Amino acid sequence: MAYDEGLAQRLRDGLADEHGLTERRMFGGVAFMLDGNMALGVSGDELMVRAGPDRFDEALARSHARIFDLSGRPMKGWVLVAPDGTADDGDLAGWLELGVSFARSLPPK
């Protein structure tokens, strides 16, 4: 499955100043890790955001977000964001903040 390279590049640009940033192929797309903890990614044309348990309901309430469920088993604390939810740079920045915030709350791996 191909993924949206343009969205992936926007994530790279938005995460450029983050220390410990790595990329990894997964979920048929690309994931962005901070000190070994996954924060965000791209699957198909959708943004994957690791919101964590404390901010999951907040993330799910945002426009164009849905539960991350690619295989019939929802991933707790994760949302998928449809392309309309990331078209605006300000909206994407909000998602970046959410994913980075949760990944930074975890100990490095």
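Let me begin with H64, which at 39% relative accessibility counts as partly exposed, where buried means under 20% relative accessible area, exposed over 50%, and partly exposed in between, with a 1.4 Å probe and protein chains only. What we are looking at is a predicted model, in which local features need pLDDT of at least 70 and side-chain atom pairs count only at pLDDT 80 or more, while totals for chains, interfaces and linings use all residues. Residues are numbered from 1 along each chain as its sequence is written, and side-chain values use heavy atoms, with hydrogens and water left out.

H64 is found in the loop between α2 (56-61) and β5 (65-67), helices (H or I, at least four residues) and strands (E, at least two) being DSSP runs numbered from the N terminus. Its phi is near 70°, a positive value in a residue other than glycine. Most residues other than glycine have a negative phi.

D35 also has a positive phi, near 50°, and with a relative accessible area of 24% D35 is partly exposed. D35 sits in the turn of the hairpin that β2 and β3 form, with 2 residues between the strands. These two strands pair in the antiparallel sense over 5 bridges, where pairing requires that DSSP finds at least two bridges between the strands, and M33 stands opposite M38 in β3.

On its other pairing, β2 meets strand β1 (residues 21-26) in the antiparallel sense over 6 bridges, with R25 opposite V30 in β2. Here too there is a hairpin with 2 residues between the strands, and F27 in the turn has a positive phi of about 55°. Why is β2 largely enclosed by the rest of the structure? Because 6 of the 6 residues of β2 are buried.

Turning to E46, which is in strand β4 (residues 46-50), we find a buried residue with a relative accessible area of 14%. The side chains of E46 and R66 are joined by a polar contact of 2.7 Å, that is, a pair of N or O atoms within 3.5 Å, of which, within protein, one must be able to donate a hydrogen and the other to accept it, residues adjacent in sequence counting only if both atoms are side-chain atoms.

Finally, helix α3 (residues 89-104) has 16 residues and reaches 22 Å from its first C-alpha to its last, close to the 22 Å expected at 1.5 Å a residue, the expected span being 1.5 Å times one less than the number of residues. D88 caps the N-terminal end of α3, a side-chain oxygen lying 2.8 Å from the backbone nitrogen of G90. The buried residues of α3 include L92, W95, L96 and G99.
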